[in-house]
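My notes follow in the order in which I went through them.

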Amino acid sequence: MSVKLAVVGATGSVGREILVSLAEADLVPAANVVALASDRSVGSEVSFGEDDDLTVQALNGFDFAGIDYAFFAIDARTAKKEVKRAVEAGAMVIDCSDAFRLEPGVPLVVPGVNDAALGQMKKNICANPSALAILLACVLKPLQAAVPIKRVVVSSYQPVSGAGRQAMDELFTQTRGVYVNDLPTKEHFPKQIAFNVIPQVGAFESDGYTEEEATLAGETRKLVGPDIALTATCVRVPVFIGQAAAVTVEFEGALTATAARDLWKKTPGLSVIDHRADEGYVTPVESAGDDLVFVSRVRDDKTVPHGISFWCVTDNTRKGGGLNAVQILESLLKARKKKA
């Protein structure tokens with residue numbers, strides 16, 4: 001089955017990871033992949049596997065006719081305009097921005113968690129969840145399937161790569177500047193990010209929550225269960241790669257930490273590394289470059305009748321980004337093959 005793909009935002013961190021994951025999955029040859037980006041990147045090259053390079057073309061004015069599937073790894077404002085063009089030209093879109101995640105008729109999908117949602121697609125658009133929502137969905141879904149979840153409390157530790165390549169450059173520049181007594185310059189974050197943590201991811205809403213915190217609650221309900229109550233505090237940390245969260249879950253009935261470990265150990269894509277000793281847990285550094293979601297520090301929450309607390313982490317550019325998007329494509333291709 002021959003298909004033609006486009007990767008919009010191919011020069012960004014998520015776009016590059018989509019290309020890496022596509023090459024690793026061996027779904028299509030390099031000749032069937034078009035790399036698109038803004039005008040300033042036109043003519044540059046991006047890698048596709050170890051042997052091939054793709055020359056970047058301009059997104060502006062690109063004709064999507066003949067493209068079967070298009071990945072969008074760009075900002076939401078641009079995506080809202082350009083995704084429409086791609087769909088009108090006949091492409092099925094997998095969008096990695098937050099433009100369509102909570103829109104009715106657009107499935108929000110984590111393969112292995114809610115694959116059936118792909119059958120509810122009404123607009124030829126599928127949304128890739130945020131890295132934090134993907135992380136939570138992977139760990140919460142097995143628990144929800146065993147005992148309904150009542151409430152979730154999340155404290156996130158989010159890397160700068162989630163804000164893009166320029167944000168990563170800002171952390172690097174500020175860190176280097178501290179050592180030579182340069183005054184840190186803020187461009188992409190509201191406060192200094194080097195040697196600091198910032199309790200704000202996204203703009204503030206009228207109720208005091210940020211957009212990231214409010215959206216996370218909606219994404220989790222769409223992915224895991226519509227009745228789950230979730231409150232979050234999202235924090236940006238001076239880490240380049242690795243999405244992490246400290247999570248407390250309250251259940252409608254009995255589910256112990258031991259039972260949760262057993263459920264996770266049986267779940268594909270999850271790895272429980274939980275030794276109650278120094279180094280007996282996974283940190284963002286160890287998650288970088290890995291496809292798995294790691295769970296550590298699992299324990300019973302003694303403040304409620306039925307609850308547990310744990311730590312979880314994944315590479316936000318891989319499972320939390322490009323890899324998940326490519327896994328969505330794999331699911332779509334399987335469904336297409338069945339219909340053929």
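Entry 1: I began with Ser97, which counts as buried at 6% relative accessibility, where buried means under 20% relative accessible area, exposed over 50% and partly exposed in between, with a 1.4 Å probe and protein chains only. Before going on I noted that this is a predicted model, in which local features need pLDDT of at least 70 and side-chain atom pairs count only at pLDDT 80 or more, while totals for chains, interfaces and linings use all residues. Residues are numbered from 1 along each chain as its sequence is written, and side-chain values use heavy atoms, with hydrogens and water left out.

Ser97 sits in the loop between β7 (92-95) and β8 (125-127); helices (H or I, at least four residues) and strands (E, at least two) are DSSP runs, numbered from the N terminus. I found a polar contact of 2.7 Å between the side chains of Ser97 and Asp95, the term meaning a pair of N or O atoms within 3.5 Å, of which, within protein, one must be able to donate a hydrogen and the other to accept it, and residues adjacent in sequence count only if both atoms are side-chain atoms. Setting aside residues up to four places away in sequence, Ser97 touches Phe72, Ile74, Asp75, Ala76, Ala79 and Asn128, a contact being heavy atoms within 4.5 Å.

**Entry 2: the parallel sheet.** I next traced an open sheet of six strands, in the order β5-β2-β1-β6-β7-β8 and with parallel pairing; two strands pair if DSSP finds at least two bridges between them. Because β5 (57-58) and β8 stand at the edges with a single partner strand each, one side of each is left without a neighbour in the sheet. Within the sheet, β1 (residues 5-8) and β6 (residues 69-72) pair in the parallel sense over four bridges, and the bridge partner of Leu5 in β6 is Tyr69.

Which strands does α1 lie across? Helix α1 (residues 13-25) lies across β1, β2 (33-37) and β6, running at about 150° to β1; axes are lines fitted to C-alpha atoms, for helices over the stretch in contact, and angles run from 0 to 180 degrees between N-to-C directions. Helix α2 (residues 76-88) lies across β6, β7 and β8, at about 155° to β7.

Entry 3: I checked β12 and β13, which pair in the parallel sense over three bridges, with Val295 in β13 as the bridge partner of Val272.

How many residues of α3 are buried? Twelve of its 16 are, and the helix is mostly covered; among them are Leu132, Leu136, Val139 and Leu143. I also noted that α3 bends by about 35° at Leu140, with a proline, Pro142, following within four residues; the bend at a residue is the angle between axes fitted to the seven residues ending there and the seven starting there.

**Entry 4: a serine in a strand.** Ser296 is found in strand β13 and counts as buried at 0% relative accessibility. A polar atom of its side chain lies 2.7 Å from the backbone oxygen of Ile273. Leaving out residues up to four places away in sequence, Ser296 touches Ile273, Asp274, Tyr281, Val282, Phe310 and Trp311.

**Entry 5: positive phi and an exposed glycine.** Asn181 has phi near 65°, a positive value in a residue other than glycine; Asn181 lies in the loop between α4 (165-179) and α5 (211-223) and is exposed, with a relative accessible area of 73%. Glu279, likewise not a glycine, has a positive phi of about 70°, and its place is the loop between β12 (270-272) and α7 (284-287).

Last, I looked at Gly289, in the loop between α7 and β13 (293-300), which is exposed with a relative accessible area of 54%. Gly289 and Ser21 are 268 residues apart in sequence and 11 Å apart in space, C-alpha to C-alpha.
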